[in-house]
Amino acid sequence: MIWKIAFRNLVKNARRSVTTALAIGVGGLAALLLGGFVTSIWYGVQTSMIQDQGNLQIYRNGYLEFGAANPEAYTIPDWQAAIDVIRADAALAAEIAVITPRIDLSGVAGNAATGNSKTFIGQGVVAADLAKMRQWDGWNIGEAGLPTGLPEDPASEEVVVGLGMARMLGVCEALAVPDCKDAPEAGAGREADPSAAEYTGLVAGDADLAGITAGGTGQPQLNLMAATTEGVPNIIAVRIAAAKAQAVRALDNAFVLLPFDQARALVFDGSPEATTIMVQIQDPDRADAVKARIQTLLGEAGMDLSAYHFTEVDPTFTRIFGMFAFIFAVVSAVLALVIVFTIFNTVSMTVVERVKEIGTIRAMGFRRGFVGRLFLAESALTGLFGAALALALGVGLSRMVNSAGVQWTPPSNATPLTVRLMVLENPTFAISVLLFLVVIAVLAAVLPTFRAARLNIVQSLQRG
Amino acid sequence: MNQHIEAAQLDGQTITAGSAAPCAARFEAVTKDYRLDKVKVRALTEVSCTILAGTTTFITGPSGSGKSTFLNILGLVDRPDAGRLELFGADVTGLGDAAAADFRARNIGFIFQSFNLIPVLSLRENVEFPLLRQPMSGRARRDRAAAYLEAVGLGGLMDRRPGEISGGQRQRVAVARALAPEPRLIVADEPTANLDTRTSREIVALLARMQAEFNTTVVICTHETQLIPPHSPVIEIIDGRVV
């Protein structure tokens with residue numbers, strides 16, 4: 001009977017009920033869409049990062065704390081042995097999608113043709129493995145990574161540079177990169193950088209690389225110089241296959257992605273060392289379990305290595321998500337406040353209009369709690385209608401936005417992600433928002449309901 | 001139909017006051033003050049009287065004499081400031097809010113001047129409403145509501161809403177609603193004030209018939225003395241005192 005009365009009173013005051021439900025619905029819609037966007041960031045940005053770095057990374061102990069100052073002292077001594085230990089575990093066999101080494105290095109890059117040279121930050125990767133990693137879509141969000149641009153042949157001598165790096169080396173035109181213009185001073189007319197010429201000459205003395213420096217392939221040539229682990233300067237000559245934008249300008253201006261064997265030849269002189277081992281997992285929700293198992297295996301094998309979640313290595317994702325979660329919380333709080341005031345106002349008006357009814361009900365022997373339930377039921381129903389409205393609008397609008405293919409570039413990405421407002425894709429979140437709307441509708445009605453229940457019966461009966 | 005009276009008599013808890021009939025209500029020096037802004041107004045002054053069970057008693061007096069206050073205290077929707085009230089042998093003077101509500105639900109039915117039906121409920125649902133406080137199944141509630149609507153001659157209009165019937169019919173519904181929980185006492189505050197003379201007589205006659213049929217106690221507050229049948233018990237209140 002309580003729900004019947006509540007529903008009929010809502011119908012009786014249809015205009016007011018619709019207005020209140022609309023306020024709740026629009027507030028809920030905003031929360032659902034913003035939450036859907038934050039959800040898409042949660043999955044989209046993580047997917048991008050996992051495509052590049054894997055879910056887990058294995059480092060030599062102490063690397064994250066001190067490796068930046070002395071990377072040679074914190075390399076993985078034998079990456080193949082570590083991978084073999086992990087690969088040999090039957091429990092992990094089905095869990096791991098890709099496991100691959102990476103060498104992080106830095107040095108000086110120069111292009112003899114333009115006479116430009118510049119410091120570089122490089123990554124040596126197994127191109128085939130990285131290409132496979134880029135296809136990872138553990139949450140099935142349909143976000144495949146862009147091709148690396150590196151040939152999958154392990155013996156390849158081609159590299160990929162950052163767009164800024166290409167610009168500074170003056171190879172944009174040669175690479176035919178759109179939206180990339182060589183600096184005016186760069187080019188054939190410029191006097192060659194003596195240092196570039198110096199180590200280009202070093203390479204020229206190597207018979208194996210003569211063809212490259214001669215520019216036989218038509219690709220811009222690049223000389224990379226770095227110190228080996230023994231501290232001896234070493235140099236290799238490679239060809240630039242492509243230029244690709246990087247997320248951060250400083251990195252974009254210095255980035256070189258090169259084949260693992262080239263990096264190994266440059267800094268480790270062929271030894272089985274690597275900076276890190278990237279581990280990509282089939283099911284991202286199993287990352288913690290896999291990490292623990294890997295840690296156990298490495299410990300049992302007596303290896304001085306540790307596994308880290310990618311967010312432990314690079315806090316960018318945590319910060320980005322934290323920022324959006326905070327924005328979501330603030331917006332939700334404001335929306336909740338608006339809803340609370342709307343409901344409070346509506347219930348207060350309803351109570352004023354029904355004072356006599358309250359007195360009658362109380363005179364008939366119903367306790368205060370019954371009167372309270374009567375009005376709370378009305379608010380709960382209003383909240384339910386508002387929540388249903390929010391869900392319907394949220395699903396409809398999110399589908400429209402998603403089908404429009406709008407793109408945006410998160411701070412951590414070099415390439416844009418397609419905006420996907422994930423409303424139903426995260427049912428826990430959607431249900432939480434809807435429940436929140438109903439709960440807040442009920443809570444907002446508590447005070448006016450309490451007042452209604454406390455009304456003096458005689459005075460209530462004398463009203464109207 | 002009225003098992004409360006029978007039960008009370010069997011328990012020997014009823015009180016008789018100068019009559020063979022059991023006592024429904026006993027006022028002992030009941031005083032009630034109201035505050036009108038900052039002024040204290042005395043509504044009842046040491047009222048003592050007895051209402052016999054199984055009768056239709058009329059409370060009369062001019063406007064502002066204290067009739068409604070008397071009725072509110074009798075109906076346990078208000079409390080005396082001083083004095084003592086007994087209903088069916090039980091001292092109800094100091095009952096708390098919840099206990100008074102429970103007592104009203106079991107023992108008292110109300111009929112109001114402006115009917116006070118719940119507009120969003122059908123006539124049957126209105127009559128059924130007070131039965132929510134009774135330990136009854138939904139079906140039993142519906143059946144009893146229908147039976148009382150039949151008894152007041154509105155069996156054919158059960159599914160209508162209060163807004164769809166006349167004032168006289170609404171008051172009939174209010175009578176059915178007051179009777180449906182089968183209370184020991186029915187308190188009617190100016191039940192005919194909003195009705196024309198003919199309908200007023202019909203309602204008073206209906207109340208008298210229902211009182212006789214269901215053997216309940218009815219107390220009617222009215223200033224229309226011409227409606228009071230001859231030989232009916234009457235309590236006249238003037239300036240807050242029983243005269």
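Biologist: How many salt bridges are there between domain 1 of chain A and domain 2 of chain A?

Modeller: The count is zero. A salt bridge is a side-chain nitrogen of Lys or Arg within 4 Å of a carboxyl oxygen of Asp or Glu. This is a predicted model: local features need pLDDT of at least 70, side-chain atom pairs count only at pLDDT 80 or more, and totals for chains, interfaces and linings use all residues. Side-chain values use heavy atoms, without hydrogens or water.

Biologist: What area is buried between domain 1 and domain 2 of chain A?

Modeller: Buried area is the accessible area (1.4 Å probe) that two parts lose on being put together, summed over both. Here that is about 820 Å², with 64% from carbon and sulfur atoms. In domain 1, Tyr43(A), Ala414(A) and Arg420(A) lose the most, together 49% of what that side buries.

Biologist: Now a helix. Which residues of H5(B) are buried?

Modeller: An α-helix has 3.6 residues a turn, so residues three or four places apart point the same way. Buried means under 20% relative accessible area, exposed over 50%, partly exposed in between (1.4 Å probe, protein chains only). In H5(B), the buried residues are Arg141(B), Ala145(B), Ala146(B), Tyr148(B) and Leu149(B). They cover an arc of only 165° around the axis, so they sit on the same side of H5(B). The arc is that of the directions from the helix axis to the C-beta atoms.

Biologist: What follows H5(B)?

Modeller: Gly153(B) does, and its phi is positive, near 80°. Helices (H or I, at least four residues) and strands (E, at least two) are DSSP runs, numbered from the N terminus.

Note on methods:
Residues are numbered from 1 along each chain as its sequence is written. Chains are lettered from A and ligands numbered from 1 in the order in which they are written.
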